[in-house]
Amino acid sequence: MKAQAPTAYGQGLSSQARNLHWLLTNLVDEVPGIHSVAVVSSDGLLLLSSDPGRAEAAARPGEGEGPRGSSADLATIVSGLGSLTQGAAKLMDAGAVKQTMVTMDEGSLFVMSISDGSLLGVHTTPDCDMSVIAYHMALFVGRAGHVLTPELRSELRKSMESPQ
């Protein structure tokens, strides 16, 4: 199943927020093998997502509960994995973590640092082209990193909290 574009696109958002939604939509629409995408703040809050599992989660009682379904789950995983790898890098005196990749039987998870602790997480199919995913994630990070200001993060948080 192909991930869906963000649902809050263009609804009363600033041009920078609309631009980030557009970048995420392009990532989801143009790169084969993506299940879901989440941008997470340094404190673990979901800022932006493809939100593909909301309808599916409602059809599966006990799984993916909450207002954001699989996007909230992905945000939690991305935040935890980011924290774990940053702690490991600190213990090893290895510098900043740029990217983390977890491969599983039924898919992969990529986590890439954006700026000041924000993270981009992408859950993919098992047969995705990992180099293509990583390349497009790096493009997103390069384009999003310089505009992800504290003001924009606050706006994105509010847009994720408001009813869609």
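This is a short tour of the structure, stop by stop, for use in your viewer.

The model is predicted, so local features need pLDDT of at least 70 and side-chain atom pairs count only at pLDDT 80 or more, while totals for chains, interfaces and linings use all residues. Residues are numbered from 1 along each chain as its sequence is written, and side-chain values use heavy atoms, with hydrogens and water left out.

**Stop 1: the sheet.** You will see an open sheet of 5 strands in the order S2-S1-S5-S4-S3, with antiparallel pairing; two strands pair if DSSP finds at least two bridges between them. S2 and S3 (99-104) stand at the edges with a single partner strand each, so one side of each lacks a neighbour in the sheet. Neighbouring strands are turned by 15 degrees against each other on average, direction ignored (axes are lines fitted to C-alpha atoms, for helices over the stretch in contact, and angles run from 0 to 180 degrees between N-to-C directions).

**Stop 2: two strand pairs.** Zoom in on S3 and S4 (residues 107-113), which pair in the antiparallel sense over 6 bridges; Gln99 stands opposite Met112 in S4. Now move to S1 and S2, antiparallel over 3 bridges, where Val39 stands opposite Leu48 in S2. Their hairpin has 5 residues between the strands, and Gly44 there takes a positive phi near 90 degrees.

**Stop 3: the salt bridge.** The term requires a side-chain nitrogen of Lys or Arg within 4 Å of a carboxyl oxygen of Asp or Glu. The pair links distant parts of the chain, with Asp43 between S1 and S2 and Arg157 in helix H5, 114 residues apart. A search of the whole structure finds 1 salt bridge. Asp43 is partly exposed at 49% relative accessible area, and Arg157 is also partly exposed, at 23% (buried is under 20%, exposed over 50%, partly exposed in between, with a 1.4 Å probe and protein chains only).

**Stop 4: helix H1.** Select residues 15-30. The buried residues of H1 include Leu20, His21 and Leu24. Those buried residues pack against S1, S2, S5, H4 and H5 (contact means heavy atoms within 4.5 Å).

**Last stop: Thr124.** This residue lies in S5 and is buried, with a relative accessible area of 0%. Among the residues that Thr124 touches are Gly33, Glu106, Phe110 and Ile133, not counting residues up to four places away in sequence.

Conventions: Helix = DSSP H or I, 4+ residues; strand = E, 2+ residues; numbered from the N terminus.
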